[in-house]
Amino acid sequence: VGFNVALGCNVDDVAMASLPDETGAGRDFDALFAELRSDLGEDNFRNFLVALSGRKPKEVKYHPEKSLHKELFEPQRWRQWIDPQLLEILARWHQAEDPQVNMVDLESFTALKALAPGIFTFPCFTSEFCQMILEEVRHYQKSDLPERPPNSMNNYGLVLNEIGMMPLFTQMLSQVMSPLAARLFGNEEDRVASLKGQPTIGNWGGSQLDTHHTFVVQYAVENDKNLDMHIDECDITFNIGLTENPDFEGNQLAFCGMYDADDHRRHLLTYSHVRGQCVVHCGKQRHGALDIEHGERASLIMWTKSHAFRRTPEYKKLYDLTRWNLSTADRVCLSYSHDDDYEELMPEDLKFQMPKADPSEPLLVSSMCHLDAAGPKEGAVHETGSGADGSDSTLWSFVCRDSDVAEGQQHVFQLFGHSLVLLRHKGELFALEDRCSHMGTSLASGDVEDLADGRAVLRCPGHGICFDLRTGSSNKTYKQRVYPLRKADGKIQVLLDRLDQRKRKREIEVQEE
């Protein structure tokens, strides 16, 4: 039902759309499934593939037999968990026979604060609801039921949609988040031009939100200590603090610029989490979680998308990776997962940490800002290989520390246009293209198996195709890309095509002192 709703049709309709039309010209399956995967998100796309194959998606049998707070699984009780101040602002819209989002007067919402262009905070959930969510998550984690990381960057937390809470948060999306998103990130008719002295940043699909990926992330000194700088896999992010402030110290959110702006690596502000308080921003705003210094902290995050908006030329123009460039940087805005000049710019004693921003620090300028035929300047961290045209076509890029990858673990990394799954099997490291060459399913949740002939393979969870970890060959006609790896000083590096060159929109001028 979830993916039927998301598509606006049923699975059979989607399958028929892939068949030849009256002229005999078949649809492009790769393009079709790429669009579906982008629209649905990984969870719903995986379920779609399972349904298409005639099987049923796996269900976690948790509620009502094993759940702790049964009321959290009753979507009709959504209003009970929303902060009264927020309900009051939405009351006119809720009560209208013909509700219009301009009935939501955010300027009169005194508790709403505008932190920066496109970044706003307001009271969202009651303290009681936050506590119950925390207790439910801990209760589930003590069970023997399956769980997976909430996203590709956080290892600790829980996907609430997968334990029976999707109906509740779907109600909250339609009744609470959607009108706010329309006013802040919607089309010109719905969106306010400015709010509390700060401008909004344009249309990001806020008028047509229709799906969500809702999960809890957890931070602790001994677990996930921080979260590297990144952008989210969504259109609009709602991030609500769950933990009382005395229970933790540090772990603020550091915001930098929009992904395609010249200042996307310049520090904008640092936000401190408050229980029940939501910070909402465009998913394409660069941000990260600073080091937690004491205790434990958790947030409930709702990634929301608009499928209709993602299909428009307006979205494709907005989210154009060719407009990305390295640019100058504040230290706190550097990303060890996404910036190929990270090793050059980050001091050795601060690498792979997320300390607080220091406004007294000088602006960092990368030697890689100069994109000339000679390649990186002397002293650049990455070694490159030359292509047929004499340009630098490949680079060795840092992935993670060797100690971060335990035996039997699989991690997905997004590096300069490459999506790869990294794993350790019998002590040896392997990296393959994450998207299955058959239908694009993520291989990260697939099983590693040892065959009788001595080969080790990674089985795709979608249709069971097995890919050799060393060669990428399969038991079918499909072949998966395998990435060369090496280790240096305890760090894992991967050899990539230099796709990052096509992402920079222009050379960056560096003025000499």
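Let's start with strand β21 (residues 456-459), which pairs with β22 in the antiparallel sense over three bridges; strands are DSSP runs of E, at least two residues long, numbered from the N terminus, and two strands pair if DSSP finds at least two bridges between them. In β22, C466 is the bridge partner of R459. This is a predicted model, in which local features need pLDDT of at least 70, side-chain atom pairs count only at pLDDT 80 or more, and totals for chains, interfaces and linings use all residues. Residues are numbered from 1 along each chain as its sequence is written, and side-chain values use heavy atoms, leaving out hydrogens and water.

Now widen the view: β21 and β22 belong to an open sheet of three strands with antiparallel pairing, in the order β20-β21-β22. β20 (447-450) and β22 (466-468) each have a single partner strand, so one side of each is left without a neighbour in the sheet.

Another open sheet has four strands, ordered β7-β13-β10-β11 with antiparallel pairing. Its edge strands are β7 (227-230) and β11 (269-271), each pairing on one side only. Further in, four bridges join β10 (residues 253-258) to β13 (residues 285-289), and A254 stands opposite G288 in β13.

Finally, look at two helices (DSSP runs of H or I, at least four residues). The axes of α4 (residues 84-95) and α6 (residues 166-185), lines fitted to C-alpha atoms over the stretch in contact, with angles from 0 to 180 degrees between N-to-C directions, come within 11 Å and cross at roughly 90 degrees. That makes α4 roughly perpendicular to α6, a term covering 65 to 115 degrees.

Key: Parallel < 35°, antiparallel > 145°, perpendicular 65-115°, else oblique.
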